[in-house]
Amino acid sequence: MLEVQNSATDALLIGLHAIDENVVWASGTNSTIIKTNDGGMNWKSIEYPNADTLQFRDIHGLSKNQAVVLSIGEGEASSIFHFSVDSGWTGVYQMPFENGFLDAFDFWENGTGIAYGDAVDSLPFILITKDFGLTWYRQTQNLPLAGEGEGGFASSGTLVETGAEGKGWIGTGAGGNARILFTEDYGNSWLAYETPMVKGKAAGITSVRFEGTVGFITGGDISKKEEWSKNVFWSDTQGKSWYPLPQPKSPGAMYGSGFAKVGDQYVTVICGPEGADLAIGIGAEWKKISPDNLWTATLLPSGIGWLAGNKGKVLKLELDQ
């Protein structure tokens, strides 16, 4: 079941993070942040006071009162902020490279987090925090070399995924690249795995989701909005090898996804400018659930999730148990 919710904004929503079934944060263009504490019955806007032109393309809620927010753009426009209901806004990181560009981030429960951006100096651009996003440093050791033009897509905030026991995944794209960067020590060292995702100048992986060793990637060529391509794959080897999934019902590149084990079934939600699809079970046929222009999604093991996108659209998903 899908329920349209009143999001209190008409901005394009790109970042989305559900702490639980009640507390959900979302972010987007025009320095937009919205939050609900009651499962979406009521959404409240949070004002960023200094500029309304920032694009907040990823957000991670630490609690119902605190969140870390990522803005994108070349150079200094790529920044990370800490927000607290009690103390307000604090800028905690600003890109020092003119050609730098942040894409997404994620956190482990112990407060360690990783942020990813387009390659700088022939290396993947990876930041690490150890204190829930208050301070960040660049990781430059134990990294594979970046491919020519390799970067990422800041289209959903789901390009970076953290898992149990320090495992983490980053999906890359652009410049003919589409790799998985994998860590199993909280970002201290990384391996690179090739994937069969569509490659090209504006193609690659846009979203990575894992539950244990089982994971899922989606993406495509973002310049071809109405064409179908092989752009959904799954892995049971922590990302070392990938297998194709059935063709989605919605055409074009997918921007975001939600992936969770609901009961004894893996459930996947994918979304993009041409709509959203749902599959219950690995290898199951896709069912189109919305024609809306949706950029990002999240799904909880309870079977409750959210999708968000253009003109402030927020949809709550509740799977029948």
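User: How many aromatic pairs does a search of the whole structure find?
Analyst: The search finds 22 aromatic pairs. Keep in mind that this is a predicted model.

User: How do you describe a pair like that?
Analyst: A pair of aromatic rings is described by the distance of the centres and the angle of the planes.

User: OK, take Tyr48 and Trp89. What are the distance and the angle there?
Analyst: The centres of Tyr48 and Trp89 are 4.7 Å apart, with 75° between the planes. That pair is edge-to-face.

User: And where do Tyr48 and Trp89 lie?
Analyst: Tyr48 is in the loop between β5 (44-46) and β6 (55-61), while Trp89 is in strand β9. They are 41 residues apart in sequence, so the pair ties those parts together.

User: Are Tyr48 and Trp89 buried or exposed?
Analyst: Both Tyr48 and Trp89 are buried.

User: Now Phe216 and Trp286. Why is that pair called tilted?
Analyst: Because the planes of Phe216 and Trp286 stand at 55°, and edge-to-face needs over 60 while stacked needs under 30 degrees. Their ring centres are 6.4 Å apart.

User: Where does each one sit?
Analyst: Phe216 is in strand β19 (residues 214-221). Trp286 is in the loop between β24 (275-280) and β25 (287-290). The pair links distant parts of the chain, 70 residues apart.

User: Is Phe216 buried or exposed, and what about Trp286?
Analyst: Phe216 counts as buried, at 1% relative accessibility. Trp286 counts as buried too, at 4%.

User: Switching topic. How many residues are in the largest nonpolar core?
Analyst: It has 16 residues. Those with the most contacts inside it are Ile80, Tyr93, Leu102, Phe105, Phe125, Leu127 and Trp136.

User: Which elements give two or more residues to this core?
Analyst: Strands β7, β9 (88-94), β10 (102-107), β11 (113-120) and β12 (123-129) do.

User: What does Leu127 touch?
Analyst: Leaving aside residues up to four places away in sequence, Leu127 touches several residues, including Ile80, Tyr93, Leu102 and Trp136.

User: Which residues does the second core include?
Analyst: Val267, Val269, Ala276 and Leu319 are among its 14 residues. This core is separate.

User: Last one: Ser71. Where is it found?
Analyst: Ser71 is in strand β7 (residues 66-72). At 0% relative accessibility, Ser71 counts as buried.

User: What lies 2.7 Å from a polar atom of the side chain of Ser71?
Analyst: The backbone oxygen of Ala77 does. Beyond four places in sequence, Ser71 also touches Leu54, Phe56 and Leu102, among others.

Note on methods. Residues numbered from 1 in each chain as written. Predicted model: local features only at pLDDT ≥ 70, side-chain atom pairs only at ≥ 80, totals over all residues. Heavy atoms only, no water. Helix = DSSP H or I, 4+ residues; strand = E, 2+ residues; numbered from the N terminus. Buried < 20%, exposed > 50% of the residue type's maximum accessible area, 1.4 Å probe, protein only. Polar contact = N/O pair within 3.5 Å; in protein donor to acceptor, adjacent residues only side chain to side chain. Contact = heavy atoms within 4.5 Å. Core = buried A, V, L, I, M, F, W, Y, C linked by side-chain atoms within 4.5 Å. Phe/Tyr/Trp six-rings, centres within 6.5 Å; stacked < 30°, edge-to-face > 60°.
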